[in-house]
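This report describes how the parts of one protein chain are arranged and which residues bring them together. Please keep the sequence and the model in view while reading.

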Amino acid sequence: MATRRNPRFKECRRLGVNVCGHPKAMKRAGDPAFKKTKKPSEYGKQLTEKQKVKAYYNILERQLKRYFDIASRTEGKTGEALIIKLECRLDNLVYRLGFANSIRMARQLVSHGHITVDGKVINIPSYGVSVGEEIALAEKSRKNEQFKKCFFEMNKSPLDYIERDEANFSGKLTMLPQRDKIPVEINEQMVVEFYSK
């Protein structure tokens, strides 16, 4: 299975936003060495927004293109539909619920069989979670200190569309997320323009 292995902090500085969620990712972003001297073209801006989507959700070009094709066939705005679809991926919701401290760790947790959906082990990071489905840490993984530390100490910022149950090491997608509530700095309209050429 192909994964993105490029340097995270370097990518954050290049894109101008903290896409990996690490507190030190943007520490050197203001250094003169990273200042952009050229004004980006319209194409350059669209490309940057597309790269942000890939970095935020830790996906590859082919996967993003597939999600865009699905979003373009749904009702409503294509850009919003794309972001909402990506937000409902299993690996992303594992990260949002606090089981992992990064999207990469969340993907690994899912791939290695540490996560269950409605009691069934799902090891496909791109699995689309439906509203009402319960995501939980597998019974055998609940004694792992790192997982416990992540769940109880990190990623505690509440989001309207998810509900955490600390007693049972679980959480739920309570409703489809609204675009303005999703914590990603992306101009999705530019992504639509990029793929519409």
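The buried residues of helix H8 are Glu188, Met190, Val191, Val192, Phe194 and Tyr195. Helix H8 is thus mostly covered, with six of its eight residues buried. The cover over these buried residues includes H2, H3 and H4. The model in which this is seen is a predicted one.

The table sets out the geometry of each pair.

| Helix pair | Angle | Axis separation |
|---|---|---|
| H2 (residues 42-57) and H8 (residues 188-195) | about 110° | 8 Å |
| H4 (residues 78-87) and H8 | about 105° | 8 Å |

The angle of about 110° between H2 and H8 lies in the range of 65 to 115 degrees, which counts as roughly perpendicular. H2 is therefore roughly perpendicular to H8. The crossing of these two helices is left-handed. On the side of H2, the residues that take part are Glu42, Tyr43, Lys45, Gln46, Leu47, Glu49, Lys50 and Val53, and they meet Met190, Val191, Glu193, Phe194 and Tyr195 of H8. Sorted by class, the contact of H2 with H8 holds seven nonpolar residues, one polar residue and five charged residues.

H4 packs against H8 at an angle of about 105°, and this angle makes H4 roughly perpendicular to H8. Thr78, Gly79, Glu80, Leu82 and Ile83 are the residues of H4 in this contact, and Glu188, Val191 and Val192 are those of H8. The contact of H4 with H8 divides into four nonpolar, two polar and two charged residues.

Is glutamate 49 buried or exposed? Glutamate 49 has a relative accessible area of 10%, so it counts as buried, the cut-off for buried being under 20%. Leaving aside neighbours within four places in sequence, glutamate 49 is in contact with Glu185, Ile186, Asn187, Met190 and Val191.

**Aromatic rings**

A pair of aromatic rings is described by the distance of the centres and the angle of the planes. The chain contains seven aromatic pairs under the rule applied here. In one of them, phenylalanine 152 and phenylalanine 169, the ring centres are 5.4 Å apart and the planes stand at 70°, so the pair is edge-to-face. Phenylalanine 152 is partly exposed, with a relative accessible area of 33%, whereas phenylalanine 169 counts as buried at 12% relative accessibility.

One aromatic cluster is formed by Tyr43, Phe68, Phe194 and Tyr195. Among its members, Phe194 and Tyr195 are buried residues of H8, and Tyr43 is one of the H2 residues in the contact of H2 with H8.

**Residues in loops**

Most residues other than glycine have a negative phi. Asparagine 58 is not a glycine, yet its phi is positive, at about 55°. Asparagine 58 is placed in the loop between H2 and helix H3 (61-72) and counts as buried at 5% relative accessibility. Aspartate 118, also not a glycine, has a positive phi of about 50°. Aspartate 118 lies in the loop between strand E1 (115-117) and strand E2 (120-121).

Histidine 114 is located in the loop between helix H6 (103-111) and E1. Histidine 114 counts as buried, at 19% relative accessibility. Which residues does histidine 114 contact, leaving aside its neighbours within four places in sequence? They are Leu109, Ala136, Leu137, Ala138, Lys140, Ser141 and Phe147. Histidine 114 and serine 141 are 27 residues apart along the chain, and their C-alpha atoms are separated by 6.1 Å.

**The chain as a whole**

The chain has eight helices and five strands. Along the sequence, they follow the pattern α-α-α-α-α-α-β-β-β-α-β-β-α. Of the 197 residues of the chain, 46% count as buried. Among contacts between residues at least 6 apart in sequence, 58% join residues at least 24 apart.

Definitions and conventions. Residues are numbered from 1 along each chain as its sequence is written. This is a predicted model: local features need pLDDT of at least 70, side-chain atom pairs count only at pLDDT 80 or more; totals for chains, interfaces and linings use all residues. Side-chain values use heavy atoms; hydrogens and water are left out. Axes are lines fitted to C-alpha atoms, for helices over the stretch in contact, and angles run from 0 to 180 degrees between N-to-C directions. Helices (H or I, at least four residues) and strands (E, at least two) are DSSP runs, numbered from the N terminus. Angles under 35 degrees count as roughly parallel, over 145 as roughly antiparallel, 65 to 115 as roughly perpendicular and the rest as oblique. A crossing is left-handed if the near helix is turned anticlockwise from the far one by less than a right angle, and right-handed if clockwise. Contact means heavy atoms within 4.5 Å. Ala, Val, Leu, Ile, Met, Phe, Trp, Tyr, Cys and Pro count as nonpolar, Asp, Glu, Lys and Arg as charged, and the others, Gly among them, as polar. Rings of Phe, Tyr and Trp (its six-membered ring) pair if their centres lie within 6.5 Å; planes under 30 degrees apart count as stacked, over 60 as edge-to-face and the rest as tilted. Buried means under 20% relative accessible area, exposed over 50%, partly exposed in between (1.4 Å probe, protein chains only).
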